[in-house]
Amino acid sequence: FAEAIQVYKASCGEEHLNVANALYNIGVCLKESNESDRAMKCFTRALNITATQLGEDHLQVAETMQQLAEIHCMKEDFKRAMNMCEQALQIRRHQENLALAALLNFSGELYTRCNNSDEAERCFR
């Protein structure tokens, strides 16, 4: 992964999502090897890039926050772990609500096209 990061940085720039993804993957490997300090650095850098490139409410941001929460928990820093976990949960709930709303809207449109106005109305509510 370290070689991949260097290639991505050279070809795409230091703030590219490919760099963030490689850092995330290295973080996972380091976490599994109980190298929590090094893993935290990778996840923190990945989080900063991902939040900048995709927005702070993106699911990838939530996934990285969850990894950081797990590391804080490993280090018995439960206050920071809970803080990260709560932020990740908030993002996930927001994204799931948006996905559900889009699916309900699409379903309503389909019912409308099939001349089933009762079901369409149920979806649009």
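Author: Asn34 counts as exposed, because its relative accessibility is 61% and the cut-off for exposed is over 50%. Please note that this is a predicted model.

Reader: Where does Asn34 lie?

Author: Asn34 lies in the loop between α2 and α3. Its phi is near 60 degrees, a positive value in a residue other than glycine.

Reader: At what angle do α5 and α6 pack?

Author: Helix α5 (residues 78-113) and helix α6 (residues 117-124) pack at about 165 degrees, with their axes 8 Å apart. The two are therefore roughly antiparallel to each other, and α5 passes α6 in a left-handed crossing.

Reader: Which residues of α6 make the contact?

Author: On α6 they are Glu119, Ala120, Arg122, Cys123 and Phe124; on α5, the contact residues include Leu104 and Tyr111. By class, the contact has 5 nonpolar, 4 polar and 3 charged residues.

Reader: Changing topic, how many aromatic pairs are there?

Author: The count comes to 1 aromatic pair. The ring centres of Tyr24 and Phe43 are 5.4 Å apart and the planes are at 70 degrees, so the pair is edge-to-face. Tyr24 is in helix α2 and Phe43 in helix α3, 19 residues apart.

Reader: Are Tyr24 and Phe43 buried or exposed?

Author: Both Tyr24 and Phe43 are buried.

Technical notes
Residues numbered from 1 in each chain as written. Predicted model: local features only at pLDDT ≥ 70, side-chain atom pairs only at ≥ 80, totals over all residues. Heavy atoms only, no water. Axes fitted to C-alpha atoms, helices over the stretch in contact; angles between N-to-C directions. Helix = DSSP H or I, 4+ residues; strand = E, 2+ residues; numbered from the N terminus. Parallel < 35°, antiparallel > 145°, perpendicular 65-115°, else oblique. Left-handed = near helix turned anticlockwise from the far one by under 90°. Contact = heavy atoms within 4.5 Å. Nonpolar A, V, L, I, M, F, W, Y, C, P; charged D, E, K, R; others polar. Phe/Tyr/Trp six-rings, centres within 6.5 Å; stacked < 30°, edge-to-face > 60°. Buried < 20%, exposed > 50% of the residue type's maximum accessible area, 1.4 Å probe, protein only.
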